[in-house]
Amino acid sequence: MSLRSPRFPLLQWFCITAIVFAGGRADGATPKPNVLFLCVDDMKDWVNCLGGYEGQVHTPNIDRLGERGVLFTNAHCASPKCAPSRAAILTGMRPSTTGLYDNGHWWLPNLPNVVTIPQHFRNHGYRVAGAGKIFHHTAGNHPPNQWDDFRRLTFQEDPWFRGVKLNYPWSKHTPYPAGFPFSGVKKLGHENDWGPLPIEDHQYDDAVTTDFTVDFLRQRTGDSDAPFFLACGLFRPHLPWYVPQKYFDKYTLDEIVLPPVMDGDLDDLPAAGLKLAKDRRGDFDTIRKADTWKHAVRAYLASITCADDRLGHVLDALDKSPDADNTIVVLWSDHGWHLGEKQHWHKSTLWEESTRVPFIVCAPGYRPGTCSRPVSLLDLYPTLNELAGLDSIDSHDGKSLVPLLRNPNVDWNRPAVIEYRRGNAAVRSDRYRFIRYHDGGEELYDHETDPHEWKNLAASPEHAAVRKELAGWIAKDWAPSAPTKGAFRFDYKAFTWTNKKSGKVTRGKD
Ligand SMILES: [Ca+2]
């Protein structure tokens, strides 16, 4: 199968996969489908096939994957921040179930008995490998006992880790390279910087991650291989927006379209909403004062295109491998991003900008299509289980999307629920977004008339029934916040956590 040309090879692919699934292999055994698990970081709906950006964004590879599988156009993260979003996807449980609400939580010492997606596949005889950022990237989030092989990030050439604290105990502090800050905006600091680094393309961490993935696929020889679960987690377009110059060259400043912002948009927000909008606004203020808003948007677009290009290498390698016809491919982003909408910079809000994500499921035997039903990335784990014929897990909060893969227009009365920190949630239905904060503050938006979420209808009597119905989907009980990193002593070489109070040891190595 070629992922490059969408017409004839696709038909061929269906025929082949239909034969594979109907008749099995010559030896009588039904081959398990492989899983290529692709993720990107902080990528909002600004990919061409989702149309979130009002200008031109170059994402030919995500677009071609979207043509091959089911493109979910109303997909949302479980939580709009890296660690809680990824922990929810990979454990199949909402933050309100696990208490993993923020980046300061390690998941394994708090949930020592949980079976994650990679572990579940490993328990079913899969060869499980990964590279890059799958769980949250900081040390301790990719325990070796989850994988047969894992290529971790180093940030070796990336000034980000040269901040106050080291995210990676195995990395070394080195001085900033000449030219830093590359954006020219001094007050933004290391995390918000952008530009090309003075290194070769293949030295960027994401290139190392995709090279690992490509090599894995190239080494596959055919029928005798165990099925694989292969995870490839790209760090871009997460900050800092460091990508090779050629991706910046795809965009000129003249063509950059700034996101639409309405004067007075924040006037009808409750206090908790105002607080989220204001969080880290200083970076946005600095960018505007330096007259670099368009430069920053260009850097974000360049980072999207860079990630897309690297995903293209992986898709090409899959095309050429003996596994091309028997591999489920999924692509997701852990959450979205604000570039000035609602006067906000960064993520960590409950609005569309932070929660809507690219999400594609491409499964052998299922027709391509577009699905506009609201779905959650929490649904990914049960979906993979059903597609691969693995045991389902009762504790999961999501629901298999296989009915939507069969028929993207099937009745689906389940909205997507997004949680951010304890007690704050958004509920996204086909048409509406309802938000309720921990202090009772509420927002309601009608996407049919207000796609930018500018008019809060929470106080509108004619929307009382909608508000009540959507509010019913918010968790009644919220787990207490899990102990944060300070509660444990982590030994990164032995991969053990010792609970400072109880002395209990959790092991991340077999
Ligand atoms: Ca993220």
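Biologist: Which strands form a hairpin with glycine 440 in the turn?
Modeller: E17 and E18, with 5 residues between them. Glycine 440 has a positive phi of about 95°. This is a predicted model, where local features need pLDDT of at least 70, side-chain atom pairs count only at pLDDT 80 or more, and totals for chains, interfaces and linings use all residues. Residues are numbered from 1 along each chain as its sequence is written.

Biologist: How many bridges pair E17 and E18?
Modeller: 5 bridges, in the antiparallel sense. E17 covers residues 432–436 and E18 residues 442–446. Strands (E, at least two residues) and helices (H or I, at least four) are DSSP runs, numbered from the N terminus. Two strands pair if DSSP finds at least two bridges between them.

Biologist: What stands opposite tyrosine 432?
Modeller: Aspartate 446 in E18.

Biologist: Next, the sheet with E20. What is the strand order?
Modeller: E19-E20-E21, an open sheet with antiparallel pairing. E19 (488–491) and E21 (505–507) each have a single partner strand, so one side of each lacks a neighbour in the sheet. Neighbouring strands are turned by 20° against each other on average, direction ignored.

Biologist: How many bridges join E20 to E21?
Modeller: 3 bridges, with E20 spanning residues 496–499. Tryptophan 497 has threonine 506 in E21 as its bridge partner.

Biologist: Helices now. At what angle do H2 and H10 pack?
Modeller: About 50°, with the axes 7 Å apart. Axes are lines fitted to C-alpha atoms, for helices over the stretch in contact, and angles run from 0 to 180 degrees between N-to-C directions. H2 is residues 60–68 and H10 is residues 293–320. The two are therefore oblique to each other. For the cut-offs, under 35 degrees is roughly parallel, over 145 roughly antiparallel, 65 to 115 roughly perpendicular, and the rest oblique.

Biologist: Which residues of H2 and H10 meet?
Modeller: Pro60, Asn61, Ile62 and Leu65 in H2 meet Asp308, Asp309, Leu311, Gly312 and Leu315 in H10. Contact needs C-beta atoms, placed from the backbone, within 7 Å.

Biologist: Which residues touch the most other members in the largest nonpolar core?
Modeller: Leu38, Val330 and Leu377, out of 128 residues. H10 gives the most to this core, with 14 residues. Such a core is a set of buried Ala, Val, Leu, Ile, Met, Phe, Trp, Tyr and Cys residues joined through C-beta atoms within 7 Å.

Biologist: What does leucine 377 touch?
Modeller: Beyond four places in sequence, Ala75, Cys77, Ala78, Ile89, Trp332, Val357 and Phe359.

Biologist: Is histidine 344 buried or exposed?
Modeller: Buried, with 25 other C-beta atoms within 10 Å. Buried means 20 or more such atoms within 10 Å, exposed 12 or fewer, and partly exposed in between, with C-beta atoms placed from the backbone. Histidine 344 lies in the loop between E10 (338–339) and E11 (345–346). Leaving aside neighbours within four places in sequence, histidine 344 contacts Ala277, Arg281, His338 and Thr349.

Biologist: Where is aspartate 42?
Modeller: In the loop between E1 (34–40) and H2. Aspartate 42 has a positive phi too, near 60°. Aspartate 42 is buried.

Biologist: Last topic, peptide bonds. What joins phenylalanine 180 and proline 181?
Modeller: A cis peptide bond, omega about 0°. Leucine 239 to proline 240 is cis too, with omega near -15°.

Technical notes. Contact = placed C-beta atoms within 7 Å.
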